[in-house]
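Let's take a walk through this protein model together. Keep the 3D view open as you read.

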Amino acid sequence: MTNSFAGDPQPGLRPGRIIIPGTARQLGTFGLFVPAPGQRRTVEVAGTSLDAKSAEGDLLWIGYPELTRAAAGDVASLAGRFAEWVVDGVPAPADAVAGSPEWRKFMDIMDALFAADVTLFLIGTALPDFGTDSPLSRLRRVESDEELPAGHSSGS
């Protein structure tokens with residue numbers, strides 16, 4: 001697998017990543033750091049309260065279970081407030097029972113986020129290839145620290 005981090009545009013690929021398993025080095029490479037408990041925020045969307053792990057500036061960090069409580073249309077309105085999204089705890093489709101209402105809702109939310117042109121980072125312990133018909137197939141995958149370029153990380 002070849003990943004580039006220097007910005008070589010490849011047709012069909014979008015900004016953001018699928019990050020497996022989400023080590024500190026993997027996240028730091030993209031300027032992401034696991035939010036501290038004190039960063040938790042409640043985000044209001046269409047009369048629903050979502051508990052986000054962080055909602056600061058342009059970045060929304062939310063867990064998969066919390067995200068799937070929202071409707072895809074509501075998420076689209078939230079996308080106008082946050083240009084970058086991190087969704088962690090994303091289960092493999094086998095664990096989420098691919099085809100289940102929750103998984104279909106998640107995929108509808110992903111479609112809404114792609115349509116809103118957000119930068120999306122998905123973090124899970126074992127995510128399979130999603131197939132060419134999935135919007136998630138347009139995100140580059142980072143599956144180990146070895147795939148990251150030496151010395152390419154943000155922060156300290």
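## Two helices side by side

Start where two helices touch: A72, V75, A76 and A79 in α3 meet D108, I109, A112 and L113 in α4. Contact here means heavy atoms within 4.5 Å. Sorted by class, this contact has seven nonpolar residues, no polar ones and one charged residue. For those classes, Ala, Val, Leu, Ile, Met, Phe, Trp, Tyr, Cys and Pro count as nonpolar, Asp, Glu, Lys and Arg as charged, and the others, Gly among them, as polar.

How are α3 and α4 packed? Their axes sit 9 Å apart, at an angle of about 30°. Axes are lines fitted to C-alpha atoms, for helices over the stretch in contact, with angles running from 0 to 180 degrees between N-to-C directions.

## The model and its layout

This is a predicted model, where local features need pLDDT of at least 70 and side-chain atom pairs need 80 or more, while totals for chains, interfaces and linings use all residues. Residues are numbered from 1 along each chain as its sequence is written, and side-chain values use heavy atoms, leaving out hydrogens and water.

The protein chain has four helices and eight strands. These are DSSP runs numbered from the N terminus: helices are H or I with at least four residues, strands are E with at least two. Along the sequence, the pattern reads β-α-β-β-β-β-α-α-β-α-β-β.

## What's inside

Of the 156 residues in the protein chain, 45% are buried. Buried means under 20% relative accessible area, exposed over 50%, and partly exposed in between (1.4 Å probe, protein chains only).

The largest nonpolar core has 33 residues, and W85, F106, L120, L122 and L136 have the most contacts inside it. Such a core is a set of buried Ala, Val, Leu, Ile, Met, Phe, Trp, Tyr and Cys residues joined through side-chain atoms within 4.5 Å. Helix α4 gives the most to this core, with seven residues. Apart from it lies another core of nine residues, among them F30, V86, I123 and V142.

Now find L139, in strand β8 (residues 139-142). Is L139 buried or exposed? At 4% relative accessibility, L139 counts as buried.
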